[in-house]
Structures are given as C-alpha cells and as structure tokens.
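Here's a quick briefing to read alongside the model.

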Amino acid sequence: KSLEVTNIARDSMTICWNRPDDNGGSEISGYVLEKRDRAGIRWTKCNKHNITDLRFRVTGLVEDHEYEFRVSAENAAAIGEPSHPTNFYKACDPIYKPGPPANPRVTDTTKDSIVLI
C-alpha cells in the first residue's frame, strides 16, 4: 500500500493509495488516514467520516510544518495494520521559477549603457 502525496499547499495535501492485496476475507468498508507532525509524537486521524475512496484531501495543516501520513483499511472484522508512513512533506505553497520578462523596450542609450523598461 504505497502512499502518494500530491497537491501540496500551505494548509492542505492530497494523499492517494491503493487497495490492500489482502482484504482479510471481507470486503473493505473504508480507510482511516492518520498524520503525524514532525514536531509531535502522536498519530492523529485526518478523517471524521469513513473514507471509501482511494484518495483524501487533508486540510487544516499548519504552514511550514512537516507531516507524514499512513493509512489503514477497515473491514467487518476490524481496522487493519497501517501502511508504512510516507516521507515527511512540508506544508507550503508551491514555488516556481519566474517566467521571462515581457516586452522589454529600450528607452535610452549612451555609448556604454542602455535603459530597458
């Protein structure tokens, strides 16, 4: 059950996973997703209600904190063992390299300089 963390922002991340190879002889009824702040020691549930999809958007994260995640499957018998945790991911808005300057125009020239706007 490898987990993938996508859509990372300052206050949310989306976690995706695959169904377990073994359902324990009973249909999977849902999943429990947990997170742990790098600064903390406890795992806390991310979902209030049963997750039936294979993805979940975790909200309410604290900007610049780092989190790891794990997921457990649930069937009629119980909640199974959790997956291996993800790496830690920092809650921050993505930053991209800037685009090229647009429409530079020469406004003045001398023998050793040029002014662009």
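Cys46 is buried in this predicted model, because its relative accessible area is 17% and the cut-off for buried is under 20%.

**Cysteines**
- The disulfide count comes to zero.
- Cys92 isn't in a disulfide either: its nearest cysteine sulfur is that of Cys46, 18 Å off.
- Cys92 has 26% relative accessibility, so it goes down as partly exposed.

**The three-strand sheet**
- Three strands make up an open sheet in the order E1-E2-E5, and the pairing is antiparallel.
- E1 (4–6) and E5 (55–59) are the edge strands; each has a single partner strand, so one side of each has no neighbour in the sheet.
- On average, neighbouring strands here are turned by 25° against each other, ignoring direction.
- Three bridges link E1 with E2 (residues 12–16), running in the antiparallel sense.
- If you want a spot to look at, Thr6 stands opposite Thr14 in E2.

**A nonpolar surface patch**
- Val106, Ile114 and Leu116 come together as a nonpolar patch on the surface, and their accessible area together is about 290 Å².
- Leu116, one of the patch residues, lies in strand E9 (residues 114–116).
- Leu116 counts as exposed because its relative accessibility is 52%, with the cut-off for exposed being over 50%.

Terms used. Residues are numbered from 1 along each chain as its sequence is written. This is a predicted model: local features need pLDDT of at least 70, side-chain atom pairs count only at pLDDT 80 or more; totals for chains, interfaces and linings use all residues. Side-chain values use heavy atoms; hydrogens and water are left out. Two strands pair if DSSP finds at least two bridges between them. Helices (H or I, at least four residues) and strands (E, at least two) are DSSP runs, numbered from the N terminus. Axes are lines fitted to C-alpha atoms, for helices over the stretch in contact, and angles run from 0 to 180 degrees between N-to-C directions. Patches are made of residues with over 30% relative accessible area and no salt bridge: like charges are joined within 9 Å, nonpolar side chains (Val, Leu, Ile, Met, Phe, Trp, Tyr) within 5 Å. Accessible areas come from the Shrake-Rupley method with a 1.4 Å probe; for residues, only the protein chains shown count as cover. A salt bridge is a side-chain nitrogen of Lys or Arg within 4 Å of a carboxyl oxygen of Asp or Glu. Buried means under 20% relative accessible area, exposed over 50%, partly exposed in between (1.4 Å probe, protein chains only). A disulfide is a pair of cysteine sulfur atoms within 2.5 Å.
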